[in-house]
Amino acid sequence: MKFDIVTIFPAMIEQPLAAGIIGRAIERGTLQVKVRDLRDFTTDRHRVVDDVPYGGGPGMVLKPEPLFRALDAIEAERGRPGAVALMSPQGARFTQVAAQRLSRFDHIVLLCGRYEGVDERVANALVTDEISIGDYVLSGGEPAALVVIDATVRLIPGALGSETSATTESFSDGLLDYPHYTRPPEFEGMRVPEVLLTGHHGEIARWRSEAAQEKTKRNRPDLLKKNEL
Ligand code: JB8
C-alpha cells in the first residue's frame with residue numbers, strides 16, 4: 001500500500017511514522033509513504049501557500065494552485081490514486097468502517113488542511129473523501145493524517161499480525177474491549193479478578209463479556225444505544 005501526504009509541516013509526519021508497527025511495515029516494504037512539502041509546489045519566490053479569505057474574516061486559507069500542482073505531480077509519478085482524502089474539521093467522521101474501506105485501496109493521497117481552511121475548489125475538484133477524526137480543533141490536519149494511516153495500515157493483512165488481533169478488538173462487535181491483566185496476580189494490594197486465574201474458559205468468557213458491557217455503559221453509552229438498534 002502507498003500513501004502520499006501533502007503538508008506544510010513534513011517533520012510532523014516523518015518522525016512518528018518511523019516508529020512502531022508503521023515503521024516496520026515501511027522497512028519491510030509492505031507500506032510506502034512519501035511526505036511532500038506543499039511549498040515545493042509553489043511557483044513564487046517566497047513559496048507562499050496561503051492567502052486572505054474572500055469575503056473577509058480572520059485567518060488565512062490554503063491557496064488552490066499548490067495543492068492542484070501537488071496532485072498533478074503525484075499522479076504523474078504514481079498514477080491516479082484510489083482516494084484523495086482531505087483532513088478537515090468539516091469532514092465526515094473517521095470510523096473503523098471508514099478505515100476498512102480505505103484499507104482496500106492500493107494508493108491513497110492525504111491532504112493536510114490548516115485550521116483556518118482550504119480553498120473549497122480543492123474539496124470540489126480533487127477530493128474524494130473529506131475526513132474529520134473528531135469534534136475538536138486541531139491547528140492542522142497532520143495529527144489526523146497519522147491517525148488515518150495507523151488505523152488503515154494495521155488492517156492490511158500481514159502488516160500487524162492482523163489476522164488474530166484486528167478482529168477481536170474494540171469496535172469489531174460494537175462494544176469496548178474487556179479489561180486486561182497480566183502478572184503479578186497482586187500488585188500493591190490490587191488483585192487480578194480471581195476468575196481469570198482459574199483456567200475456566202467458559203467463566204472467563206462470561207466475565208469478559210459482562211466487564212466489556214459495564215465499561216461501555218460507563219465510558220461510551222452511545223455505543224450501547226447503537227447496538228440496540
Ligand atoms: C484544522 O478534527 B479533525 C481535523 C481538525 C482540523 C484539521 C484537520 C482535521 C485542520 N483542524 O479531524
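Visitor: How do the residues lining the largest cavity divide into nonpolar, polar and charged?
Guide: The lining has 8 nonpolar, 7 polar and 1 charged. Ala, Val, Leu, Ile, Met, Phe, Trp, Tyr, Cys and Pro count as nonpolar, Asp, Glu, Lys and Arg as charged, and the others, Gly among them, as polar. Before more numbers: this is a predicted model, local features need pLDDT of at least 70, side-chain atom pairs count only at pLDDT 80 or more, and totals for chains, interfaces and linings use all residues. Residues are numbered from 1 along each chain as its sequence is written, and side-chain values use heavy atoms, with hydrogens and water left out.

Visitor: What counts as a cavity?
Guide: On a 1 Å grid over the protein atoms alone, a cavity is a set of points where a 1.4 Å probe fits but cannot get out. A pocket is an open set with protein on both sides within 12 Å along at least five of seven lines. Lining residues have an atom within 4 Å of a point.

Visitor: How much space is in the largest cavity?
Guide: About 160 Å³. Volume here is the space filled by probe spheres set on the points, which are joined across faces, edges and corners.

Visitor: Which residues are nearest its centre?
Guide: S88, P89, L138, G140 and G141, out of 16 lining residues. Strand β5 gives the largest share, 3 residues. Strands are DSSP runs of E, at least two residues; helices are runs of H or I, at least four.

Visitor: Where does the ligand go?
Guide: The space taken by the ligand is the largest cavity. A molecule sits there if more than half of its atoms lie within 2 Å of the grid points.

Visitor: Switching topic. What lines the second largest pocket?
Guide: Its lining includes D51, Y54, K63, E65, D119 and R121. By class, the lining has 6 nonpolar, no polar and 5 charged. The pocket's volume is about 240 Å³.
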